[in-house]
Protein chains: 2
Amino acid sequence: MKTVLIKEDILSRNNERAKDVRALTKTKNVFYVNVMSSPGAGKTTLLKKLIPLLSEYRIGVIEADIDSEKDALDVERATGVRTIQMHTGGACHITCQMSMEALEALGLDGLDVVFLENIGNLVCPAEFDTGANMNLVLTSVPEGDDKPLKYPLMFEVASAVAVTKTDVCPVFDFDREKAVANIRKRNAGADLFFVCAKTGEGIPELAEYLKKRIASEVGHE
Amino acid sequence: MKTVLIKEDILSRNNERAKDVRALTKTKNVFYVNVMSSPGAGKTTLLKKLIPLLSEYRIGVIEADIDSEKDALDVERATGVRTIQMHTGGACHITCQMSMEALEALGLDGLDVVFLENIGNLVCPAEFDTGANMNLVLTSVPEGDDKPLKYPLMFEVASAVAVTKTDVCPVFDFDREKAVANIRKRNAGADLFFVCAKTGEGIPELAEYLKKRIASEVGHE
C-alpha cells in the first residue's frame with residue numbers, strides 16, 4: 001500500500017510540474033510533441049521521415065534513452081535539426097522534471113516545434129505527463145494488433161496513434177480493422193494513422209495533421 | 001534523491017523475498033523460468049511452440065498482463081498445460097511478492113517446470129528478481145539489432161537470449177552478427193539462440209538447452 005501512496009505522490013507532483021512546462025512552451029510559442037511506443041516500433045525512423053515534411057518550422061529533437069547516443073546522432077545526421085541526447089540513468093520514463101531540463105538544455109529560442117522521443121516502453125511513460133501539447137503513440141505491425149488490450153493506459157493517453165511498419169502487414173497477418181477496433185476500445189477520440197517509413201504510406205497525412213495542430217495551438221503557419 | 005532511496009529500499013526488499021521464492025521452488029523441485037521482452041516480441045507464441053517439445057515435464061504457465069486474458073487463453077488452448085492469468089493492475093513489472101502469489105495461485109504440486117511470462121517491457125522487469133532459476137530474454141528482429149545498446153540491464157540479467165522472428169531478417173535488414181556483438185557487449189556469458197515460431201528455427205535447440213538446465217538444477221530427466 002505504501003508503494004502506491006508514494007507513486008500517487010510522485011504522479012501528483014509530476015502533474016504540477018507539467019503546468020510549468022506548458023507555461024514555458026507557451027511563452028516561447030513552441031509546439032511540443034511527446035512520441036511514445038515499445039522499443040523498436042520506429043520512433044526514430046518516423047521522425048527522420050516526418051521532419052523533412054515539416055520544413056516550414058524550426059524543429060528541435062530530444063532523444064531520451066537509458067544509454068547510447070545512437071538515436072540523436074541518427075536524427076541529427078538525417079535531418080540537420082537541433083538535437084540532444086538525454087540519458088535517464090536507468091529510468092524507464094521521462095518525468096516532467098526531466099522534460100523541463102531537456103527543454104532547457106535544448107534551448108527553445110528560435111524553435112517552433114520540439115519532438116521528445118520518450119524511452120521505448122509501452123507502460124510507464126504513459127503515466128507521466130511530460131507537459132507536451134500532444135502524445136503521439138506508435139504501435140508497430142510486428143507487435144500485433146492486440147496491444148491496446150494489454151497496455152490500455154498508453155492508448156488512453158494518446159492524442160494520435162500511428163500504426164507503423166505497415167509494409168509487413170501480410171507477413172504478420174496483421175488485421176487493420178481489428179487494430180482500429182482495439183484502439184477504439186481504449187480511445188474513441190484519438191486520430192489514427194497507418195504509416196510506413198519504407199513505402200512512405202501515411203507520412204504526408206501525419207505531417208498535415210501536425211501542421212493543423214501546430215497552427216491551431218501555437219499559431220505557426 | 002528521495003525517489004532513488006525508496007527505489008533502493010523496494011529493490012532490496014524484493015531481493016530478500018526472492019530467497020523465499022527460490023526456497024519454495026527448491027522444496028517443490030520445480031524449475032522456474034522468467035521470460036521477458038518488449039511488447040509483441042513473441043513470448044506467448046514461443047511458449048506455445050516450446051512447451052510441446054518439453055512433453056516429458058509437467059508444465060505450468062503464469063501469464064502476467066496489465067489487462068486482458070488473451071495470452072492465458074491462447075497458451076492453455078494451444079498446449080493444454082495448467083495456466084493462470086495474472087493482472088498487475090497497471091504495474092509495469094512483476095515483483096517477487098507478485099511472483100510468489102502467482103506461484104501459490106498456480107499451485108506447484110505435480111509440476112516440474114513453470115514459465116512466467118512477464119509484462120512486455122524491456123526496462124523495469126529487469127530490475128526485479130522474480131526468484132526464477134533463469135531469465136530468458138527475447139528480442140525480436142523487427143525491433144532492430146541495437147536494442148542491447150539502449151536497454152542494457154535487460155541483457156545483463158539474461159541467462160539466455162533468444163532473437164525471435166528470424167524469418168523476417170531480410171525484410172528488416174537485421175544483421176545477426178551485429179546483434180550478437182551488441183548482446184556480447186552487455187553479457188559475455190549468456191547462451192544465445194536464433195528462433196522462429198513460423199519456420200521452427202532454433203526451437204528444438206532452445207528446448208534441448210532448457211532440458212539440460214532442468215536436469216542439472218532440479219534433477220528432472
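In the predicted model, B:N15 counts as partly exposed, because 13 C-beta neighbours lie inside 10 Å; a residue is buried at 20 or more such neighbours and exposed at 12 or fewer. B:N15 belongs to helix α1 of chain B, which covers residues 2-27. Between the C-alpha atoms of B:N15 and B:R82 there is a separation of 27 Å, and the two residues are 67 residues apart along the chain.

Chain B also contains a packed pair of helices, α2 (residues 43-50) and α3 (residues 70-79), whose axes are 9 Å apart and form an angle of about 15°. With that angle, α2(B) is roughly parallel to α3(B), since angles under 35 degrees are counted in this way. The crossing of the two helices is right-handed. On the side of α2(B), the contact is made by B:T44, B:L47 and B:K48, and on the side of α3(B) by B:D71, B:D74, B:V75, B:A78 and B:T79. By residue class, this contact holds three nonpolar, two polar and three charged residues.

In chain A, helix α3 (residues 70-79) has A:D71, A:A72 and A:V75 as its buried residues. These lie on the same side of α3(A), because the arc they cover around the axis is only 100°. Their packing partners in chain A are α2 (43-50), β2 (59-65), β3 (82-87) and β4 (113-117). After α3(A) comes A:G80, which has a positive phi, near 75°.

Helix α7 of chain A (residues 176-186) has four named buried positions, A:A179, A:N182, A:I183 and A:R186. They too are placed on the same side of their helix, α7(A), because they cover an arc of only 100° around the axis. In general, residues three or four places apart in an α-helix point the same way, because there are 3.6 residues a turn. The exposed residues A:E177 and A:A181 are carried on the face of α7(A) that is turned away from its buried side. The buried residues of α7(A) pack against two helices of chain A, α5 (147-150) and α6 (152-156), and against the strands β6 (160-164) and β7 (191-194).

The contact between the chains takes 33 residues from chain A and 33 residues from chain B. On the side of chain A that touches chain B, the elements giving two or more residues are α1 (2-27), α5 and α6. The residues of that side divide into 16 nonpolar, nine polar and eight charged.

How values were computed
Residues numbered from 1 in each chain as written. Chains lettered and ligands numbered in written order. Predicted model: local features only at pLDDT ≥ 70, side-chain atom pairs only at ≥ 80, totals over all residues. Axes fitted to C-alpha atoms, helices over the stretch in contact; angles between N-to-C directions. Parallel < 35°, antiparallel > 145°, perpendicular 65-115°, else oblique. Left-handed = near helix turned anticlockwise from the far one by under 90°. Contact = placed C-beta atoms within 7 Å. Nonpolar A, V, L, I, M, F, W, Y, C, P; charged D, E, K, R; others polar. Arc of directions from axis to C-beta.
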